Amino acid sequence: MSKPYIQVDISTQQLHFFGNVKRSYSISTALNGVGEQEGSGCTPRGQHLISDKIGTDQPINSVFVGRVSTGEIYTDALAAQYPQRDWILSRILWLYGIEPQFNQGAGCDSHSRYIYIHGTPDTEPMGIARSHGCIRMRNSDIIELFDLVEVGIRVDIFEQLDD
């Protein structure tokens, strides 16, 4: 049996997990499109690994700032109180690019850009690009995926091109 892995298809806004079970999830990647440059707000392409799993045993809708749980649970009232926050909720899978000078290294490093697969408020649409570079998922979906994966699993992020 082959090792479990994840494929992120930016063109269809879908994440596919292949392992003991197969799962597909609707996601949201970057509003700014694809790109590897630091500060671009784009979703990086290429081969990555999950470097860290953050949020084990946290309640659904737990709020994270700087990869640390704030102890808050996301609500509409909290959102109104902090309208400028890019909400990172429930779980974080932190990605590490493994292609030197493409998604790893100075000016293009996915890990130092803090590119994650993470939960987002249920009010945010899935299936359309709206993130600031990360891969957003529904909270119940990221919790399920989090429990299926281990640190070191491969994540391939690509944009299917039309023929």
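Cys134 touches Ser28, Thr29, Ala30, Thr43, Tyr114, Ile115, Tyr116 and His118, leaving out residues up to four places away in sequence; contact means heavy atoms within 4.5 Å. The model is predicted: local features need pLDDT of at least 70, side-chain atom pairs count only at pLDDT 80 or more, and totals for chains, interfaces and linings use all residues. Residues are numbered from 1 along each chain as its sequence is written, and side-chain values use heavy atoms, with hydrogens and water left out.

**Annotated positions**

- An unreviewed UniProt entry lists His118 and Cys134 under "active site". These two span 17 residues in sequence, yet no two of their C-alpha atoms are more than 7.5 Å apart, so they gather at one spot. UniProt positions are given in the numbering used here, feature names are shortened, and annotations may be inferred rather than shown by experiment.
- Cys134 lies in the loop between strands E8 and E9 (135–137); strands (E, at least two residues) and helices (H or I, at least four) are DSSP runs numbered from the N terminus.
- Cys134 has a relative accessible area of 10% and is buried; buried means under 20% relative accessible area, exposed over 50%, and partly exposed in between (1.4 Å probe, protein chains only).
- His118 is found in strand E8 and is buried, at a relative accessible area of 0%.
- Beyond its neighbours within four places in sequence, His118 is in contact with Cys134 and with residues including Trp87, Ile88, Leu89, Arg91 and Ile92.

**Ser131**

- Ser131 is placed in the loop between E8 and E9 and counts as buried at 3% relative accessibility.
- A polar atom of the Ser131 side chain lies 3.2 Å from the backbone nitrogen of Ala30.
- Residues up to four places away in sequence aside, Ser131 touches Ser28, Thr29, Ala30, Leu31, Thr43 and Arg136.

**Strand E7 and its partners**

- Of the 10 residues of strand E7 (residues 88–97), 9 are buried, so E7 is largely enclosed by the rest of the structure.
- E7 runs antiparallel to strand E4 (residues 46–54), to which 6 bridges join it; two strands pair if DSSP finds at least two bridges between them. Lys53 stands opposite Leu93 in E7.
- Strand E5 (residues 62–65) pairs with E7 in the antiparallel sense over 2 bridges, and Val63 has Leu89 of E7 as its bridge partner.
- Strand E8 (residues 116–119) and E7 pair in the antiparallel sense over 4 bridges, with Leu93 opposite Ile117 in E8.

How values were computed:
Polar contact = N/O pair within 3.5 Å; in protein donor to acceptor, adjacent residues only side chain to side chain.
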